[in-house]
Amino acid sequence: MEIAEHINTLAAEGRLLAEAAQEAGTGAPVPTCPGWQVRDLLRHTAMVHTWAAAFVAEGHTSYVPDAGEPDLDGPELLDRFRAGHRRLVDALAGASPDVKCWTFFAAPSPLAFWARRQAHETTIHRVDAESARGGALSPVAAPHAVDGVDELLRGFQTRPKSRMRTDVPRTLRVRATDTGTVWTVRLSAEPPRTVRETGVPADRAADCELSATAQELCLSLWNRLPLTALTVTGDPDLARLWRENSAVTWA
């Protein structure tokens with residue numbers, strides 16, 4: 001996906017998040033984030049948007065900690081979320097393509113990194129807000145969902161802090177049934193190594209395969225849908241290992 005597509009997705013997903021949060025109310029529980037209420041979701045996402053926008057707008061080339069979550073609630077919190085989201089979209093849309101700033105895994109450019117990362121961050125938290133509101137979820141377009149799986153497998157899980165490890169080398173395959181995209185994830189005592197292909201993978205051997213539509217894969221691998229949303233073939237222990245060890249946390 002192109003940078004402009006990610007920015008447009010970020011803009012749309014932020015609007016949907018705010019609408020769902022307003023309809024649910026800030027005191028509503030968030031089923032996809034046990035222990036959170038909508039106010040926690042809005043405070044967290046508002047903080048992340050402000051933190052991310054600063055790297056792009058201010059050109060920080062090294063890590064800068066976040067400034068903390070806003071101590072607001074109700075309509076004031078919703079206004080704060082919307083304003084911060086707008087600043088992030090504007091910062092990305094107005095940035096020079098060659099802007100230099102800090103990122104936390106490889107990308108074609110810092111601008112590409114932050115546009116992609118915040119589009120997916122906001123999509124996942126929009127799903128959280130809609131789960132609090134109840135009713136049907138807004139769809140995740142297949143190209144965006146495929147990219148969300150890709151970012152998770154070939155971005156987040158390649159970092160040294162990944163807890164997806166096995167004592168004995170194993171292979172996990174992830175297959176999007178609607179796009180033909182296939183990821184082969186090699187697990188070992190080191191961080192996972194993932195290859196993305198289309199169609200029949202060059203190496204057909206896998207200890208476990210997870211298959212579903214791109215949207216179902218994206219939301220399940222990000223722990224927003226249960227494993228029962230996927231077709232699991234082979235060793236189910238690898239699917240459970242993912243559920244227990246793949247979570248991406250803020251700290």
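**Ground rules.** I note that this is a predicted model, in which local features need pLDDT of at least 70 and side-chain atom pairs count only at pLDDT 80 or more, while totals for chains, interfaces and linings use all residues. Residues are numbered from 1 along each chain as its sequence is written, and side-chain values use heavy atoms, with hydrogens and water left out.

**L17.** I looked up its accessibility and noted that L17 counts as buried because its relative accessibility is 0%; buried means under 20% relative accessible area, exposed means over 50%, and partly exposed lies in between, with a 1.4 Å probe and protein chains only. Setting aside residues up to four places away in sequence, I found that L17 touches L42, T45, F81, T122, H125, R126 and A129, where a contact means heavy atoms within 4.5 Å. I also checked the pair L17 and T123, which are 106 residues apart in sequence but 8.1 Å apart in space, C-alpha to C-alpha.

**The chain as a whole.** I counted seven helices and five strands in the protein chain, and along the sequence they follow the pattern α-α-α-α-α-β-β-β-β-α-β-α. The C-alpha trace spans about 55 × 40 × 30 Å along its principal axes. For 251 residues a compact globule would have a radius of gyration near 18 Å, and the protein chain, at 18 Å, agrees with that; the radius is taken over C-alpha atoms, and the globule rule is 2.2 Å times the number of residues to the power 0.38. Buried residues make up 50% of the 251 residues, and among contacts between residues at least 6 apart in sequence, 66% join residues at least 24 apart. The accessible surface comes to about 11,300 Å², of which 53% belongs to carbon and sulfur atoms; I took these areas from the Shrake-Rupley method with a 1.4 Å probe.

**Cysteines.** How many disulfides does a search of the whole structure find? The search finds zero, a disulfide being a pair of cysteine sulfur atoms within 2.5 Å. For C33 the closest cysteine sulfur is in C218, 14 Å away, which is too far for a bond. C208 is likewise in no disulfide, and the nearest cysteine sulfur, that of C218, is 18 Å away. I looked up accessibility for both residues: C33 is buried with a relative accessible area of 11%, and C208 counts as buried at 1%.

**Helix α6 and what follows.** Is α6 largely enclosed or open? Six of its eight residues are buried, so α6 is largely enclosed by the rest of the structure. The buried residues are A214, L217, C218, L219, S220 and L221, and their cover includes α4 (110-133), α5 (142-154), β1 (170-176), β2 (181-187), β4 (208-212) and α7 (236-245). Just after α6, N223 takes a positive phi of about 65°, although N223 is not a glycine. N223 sits in the loop between α6 (214-221) and β5 (231-234), and I found N223 to be partly exposed, with a relative accessible area of 22%.

In the loop between α6 and β5 I also looked up L227. L227 touches S220, V232, A239, R240 and R243, leaving out residues up to four places away in sequence.

**Two further loop residues.** P29 is found in the loop between α1 and α2 (38-58) and counts as exposed at 57% relative accessibility. Leaving aside neighbours within four places in sequence, P29 is in contact with W36, Q37 and A132. R165 lies in the loop between α5 and β1 and is partly exposed, with a relative accessible area of 27%. Beyond residues up to four places away in sequence, R165 touches P160, S188, A189, E190, P191 and L241; for S188, I noted that the C-alpha atoms of R165 and S188, 23 residues apart along the chain, are separated by 5.3 Å.

Conventions: Helix = DSSP H or I, 4+ residues; strand = E, 2+ residues; numbered from the N terminus.
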